[in-house]
Amino acid sequence: MAPTPVADLFPWDNSYARLPHRFFARVTPVPVAAPRLIRLNETLAAQLGLDPAALATPAGLEILSGNRVPPNSEPLAMAYAGHQFGNFVPQLGDGRAILLGELITVDGQRRDLQLKGAGRTPWSRGGDGRAALGPVLREYLLSEAMAALGIPTTRALAAVATGESVWRETPLPGAIFTRVASSHIRIGTFQYFAARRDLDAVRLLADHVIARHYPQCALAPNPYRALLDAVIRRQAELLAQWMLVGFIHGVMNTDNVSIAGETLDYGPCAFMDAHDPATVYSFIDSRGRYAFGNQPRIAHWNLTRLAETLVDLLASDETTALKEAEAALEAFAPHFESAYTAGLLRKLGLFQPQPDDRKLAQDLLDCMTRNHADYTLTFRRLCDAAAAPDQDQSLRSLFENPADLDPWLERWRHRLALEGPDHIARRDAMRSVNPHFIPRNHLVEEVIVAAVNNQDFQPFETLLTVLSAPHKDQPGFERYALPPQPDQIVRNTYCGT
Ligand code: AMP
Ligand code: MG
């Protein structure tokens, strides 16, 4: 069958472009010299209702590189503000990302299609509007790994080499990333209008977000309070999921927080190897504001900034409105704690919760920190230890002082005995929540170096394939499950902007 003609490829329905002009700037992608398709996510394309074969043709590549704007796309850069490392910046906006438009997927979901690195916009400030290949591959890998782990996230539809260089202290190969999101609306989008005291715009934006992401809120007695509650709940659940897999976002600025509760803006993010709440990889986070263990607290701080933008909508008098906001924010901690605790217990094979279970889980985490034990492998090896105590050795070997783990193992076994006798079913249930493969920093660096220095994309493809089935054992790929050797440890990650 011949691929779909490009003109018919995208059934756009651009709801954001129908908002007032002050919400965005109309821009067109700046063409690039010599586009080449690095990777197309065919599965995702099909879910979006797009013909993968058509996207892979030269005409499809023209679109994915920004060299041609498809019919009925209404390309735009979104306006937003944000708190960056605690400081408010009233005007940020898409400086290098261009929204092509919105599509409705085969199962009726609305999705943004955005080109990241597609050229300058009115919000580029000093930037060149471009992206380097390394960070594009990084976002591709990390976001698809998160999706495979079942964690809400933006997705990677394509990566295209531009054939041009971008200057980042040295010349680097340029690339464009096609990102799919349920929307690119951020806490910072609300802040942009609130900072301008543009209450009409805040209300329009809130109505748009309710219709698009939280339709049930429209039926509530106070729809804006219901919206705030719903966003807080989704953030709490998202944060619990990050914490359960050891994900560190790295730049939890309010402009990088999706209103829809998806993981958004993969910059210097990383998965933790050895467990330590103080872990920071991001080079720009010298004070550890966004350290692993701080993330729930920061999410609450960010949600407080969102609540401030909505105060005028919450009630007609300020005292009542502030009380509404406070009550909504107070729900964050219990939502987070219950999602996180439930997840931790599942990771430990405890499916019938008991009062002391949270303490048992915490004691393991503390023991891991003391012994620099690998977070992911500890939980993965616990799955086998749950089925067969003779598997303890490989688990204990992850701890600097294995004897430090023994009293905990004994307590855990006593506790497991209350769960019932089916060891194998328990092991399998544990495996389904304790991934074997995460995008470890040293592996991500390795594939980026091969691609950037040697134009070798095979390591990228292999890693992507391994990460697509994180809970399977995958014989022959054991090395991808291992923590870094001392000389492979990556200490810093960079934004790469
Ligand atoms: P980020 O750190 O990627 O979340 O970006 C923060 C802000 O800087 C956003 O407004 C981006 O659009 C903008 N930005 C980042 N990189 C570039 C670039 N190369 N050119 C223009 N704007 C950029
Ligand atoms: Mg950002």
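Tutor: Let's start with a term: a polar contact is a pair of N or O atoms within 3.5 Å; within protein, one must be able to donate a hydrogen and the other to accept it, and residues adjacent in sequence count only if both atoms are side-chain atoms. This is a predicted model, in which local features need pLDDT of at least 70 and side-chain atom pairs count only at pLDDT 80 or more, while totals for chains, interfaces and linings use all residues. Residues are numbered from 1 along each chain as its sequence is written, chains are lettered from A and ligands numbered from 1 in the order in which they are written, and side-chain values use heavy atoms, leaving out hydrogens and water.

Student: Which residue's backbone oxygen does the side chain of Thr-493 reach?

Tutor: First find Thr-493 in the segment after helix 17 (458-467). Helices (H or I, at least four residues) and strands (E, at least two) are DSSP runs, numbered from the N terminus. From there, the side chain of Thr-493 comes to 2.6 Å from the backbone oxygen of Pro-268.

Student: Is Thr-493 buried or exposed?

Tutor: We call a residue buried under 20% relative accessible area, exposed over 50% and partly exposed in between (1.4 Å probe, protein chains only). Because its relative accessibility is 2%, Thr-493 counts as buried.

Student: How far apart are the centres of domain 1 and domain 2?

Tutor: Domain 1 covers 6-181 and domain 2 covers 187-341, with bounds from an automatic or database domain assignment. Taken over C-alpha atoms, their centres are separated by 23 Å.

Student: What area is buried between these two domains?

Tutor: Buried area is the accessible area (1.4 Å probe) that two parts lose on being put together, summed over both. In contact here are 36 residues of domain 1 and 39 residues of domain 2. Carbon and sulfur atoms give 61% of the buried area, which is about 3,100 Å².

Student: Which element gives the largest share of the side of domain 1 that touches domain 2?

Tutor: Across this interface, 14 residue pairs are in polar contact (both at pLDDT 80 or more). Two or more residues of domain 1's side come from each of strand 4 (82-84), strand 7 (110-116), helix 4 (133-148) and strand 10 (170-181). The largest share, five residues, belongs to helix 4.

Student: Which residue forms a salt bridge with Arg-22?

Tutor: A salt bridge is a side-chain nitrogen of Lys or Arg within 4 Å of a carboxyl oxygen of Asp or Glu. For Arg-22, the closest N and O atoms are 2.5 Å apart, and the partner is Asp-198.

Student: How many residues apart are Arg-22 and Asp-198?

Tutor: The structure holds 34 salt bridges. This one links distant parts of the chain, with Arg-22 in the segment before strand 1 (24-26) and Asp-198 in the loop between helix 5 and helix 6, a separation of 176 residues.

Student: How many of the nine residues of helix 5 are buried?

Tutor: Phe-190 and Tyr-192 are among the buried ones. The buried residues of helix 5 pack against strand 4, strand 5 (87-89), helix 6 (199-213) and helix 8 (295-314). Helix 5 (residues 187-195) is largely enclosed by the rest of the structure because the number of its residues that are buried is seven.

Key: Contact means heavy atoms within 4.5 Å.
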